[in-house]
Amino acid sequence: MTDDYICTHLGDDQYEYFGSVVPPISQNSLHVFPTIEDMQRFNGKDDRIYTYGRALNPTVDIVQKKIAALERGEKAALFGSGMAAISSAMLTFLGSGDHFIGVRKMYGPAYRFVSEYLAKFRVESTFVEGEEIGDFEAAIRPNTKAIYLESPSSMFFTLQDIRAVTSLARKHGIRTIIDNTWSTPIYQKPLELGVDLVVHSVSKYLAGHSDVISGVVVGSAELIEKINGNERELLGGIPGPFDAWLIMRGLRTLPVRMKQHQENAMKVAGFLESHPRIEKVNYPGLPSFPQYELGKSQMKGYSGLLSFSLDCEDEGIRKFINALENFKIGVSWGGFESLVAKGSGKTVRIAVGLEDADDLIRDLDRALGAI
Ligand SMILES: Cc1ncc(COP(=O)(O)O)c(C=O)c1O
């Protein structure tokens, strides 16, 4: 089944909804049964039978099926935010006295969840650069239960060798999680590279329109059912049906949006690399990227988020950002719109959106001239 088919048709089941080409939003908190016997027979035992919205909702179900299929996983669990998905994935592998290894450049709140929050429950953690397999090897302890990857990371886009890490983890009986938000399943399918659980901030490319906050965990039926029965059921960080419907709508165009993000980002990265005021461009799609070959071996393409460093100090960087018109100043990414944010030091991060690439380049060129 192709990704395009999954996005456009999988799970839509029009004839269950009066032939509606778009499945309607099931804006329900519960479902009722004709007899108590029917309820007792089906309660929680069959995915197609809906009881209570925290467990499963028909609109959420469609989205879960599409994302599970895109990632080549058996099942997916949709959450109310990326952080709800990430914390649930971590909690399913970690308990008091366990040790966790993560990449140092992982998403900030995910880093804090382990290093500060889970530390309160005596979970130990080690953070590694992760560019060499030896970084992980050296960090493993007898009580290590989970390794967490974010490849590419979302500020400097450094990669981890996913195949090497998962085979090392397997040898030691350690579970692996990866944040695949940057690549999306269109460009990287980590479950096929041996990862146990894939997490996403669905708020980014998967939903794609900057109008939803959501997250997802994808993996084997066994692991996702465990998460559904524990973290999703007990912590309750579920999405609402309307948000699920917006995600379903966003997913329909995911493959074409990713193509356009890639094409635009390649042009913009090439322009930046050739500009005299730019010292360095961090984008895995550029042949000059230090891990370009590794990227090609585990990704099929590149999304639209990249960063670069300017040859000036703070004041110049602020002038540059404020002079941009097409790039709106904001923290998130993965939507249709181009965005800009200031990183640490001389680093500027841009999310290249779906606008005309030449317009974006003209905007950047003009703003660089304003420094
Ligand atoms: C790489 C990455 N992972 C996870 C998250 C968290 O997702 P959410 O904001 O949907 O909770 C973000 C959000 O910015 C992110 O950039």
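In which sense do strand β6 (residues 197-201) and β7 pair, and over how many bridges? The two strands pair in the antiparallel sense over four bridges. The structure is a predicted model, in which local features need pLDDT of at least 70, side-chain atom pairs count only at pLDDT 80 or more, and totals for chains, interfaces and linings use all residues. Residues are numbered from 1 along each chain as its sequence is written, and side-chain values use heavy atoms, with hydrogens and water left out. Helices (H or I, at least four residues) and strands (E, at least two) are DSSP runs, numbered from the N terminus.

- Strand β7 (residues 215-219) is largely enclosed by the rest of the structure, because five of its five residues are buried; buried means under 20% relative accessible area, exposed over 50% and partly exposed in between (1.4 Å probe, protein chains only).
- Gly215, Val217 and Gly219 cover one side of β7, while Val216 and Val218 lie on the other, and all are buried.
- Two strands count as paired if DSSP finds at least two bridges between them.
- Strand β1 (residues 75-79) runs antiparallel to β7 and is joined to it by five bridges; here leucine 78 has valine 216 as its bridge partner.

**The five-stranded sheet**

- An open sheet with mixed pairing is formed by five strands in the order β8-β9-β12-β11-β10.
- Its edge strands, β8 (278-282) and β10, each pair on one side only.
- Strands β11 and β12 run antiparallel and are joined by four bridges, with lysine 342 opposite valine 348 in β12.

**Helix α13**

- Helix α13 (residues 314-323) has Gly316, Ile317, Phe320, Ile321 and Ala323 as its buried residues.
- These buried residues line one face of the helix, because they fall within an arc of 165 degrees when seen down the axis of α13; the arc is that of the directions from the helix axis to the C-beta atoms.
- The face turned away from the buried side of α13 carries the exposed residues Glu315 and Asn322.
- The buried residues of α13 pack against β9 (305-310), β10 (328-329), β11 (339-342), β12 (347-351) and α14 (357-369), where contact means heavy atoms within 4.5 Å.

**Leucine 30**

- Leucine 30 is found in the loop between α1 (3-8) and α2 (36-42).
- Leucine 30 is partly exposed, with a relative accessible area of 48%.
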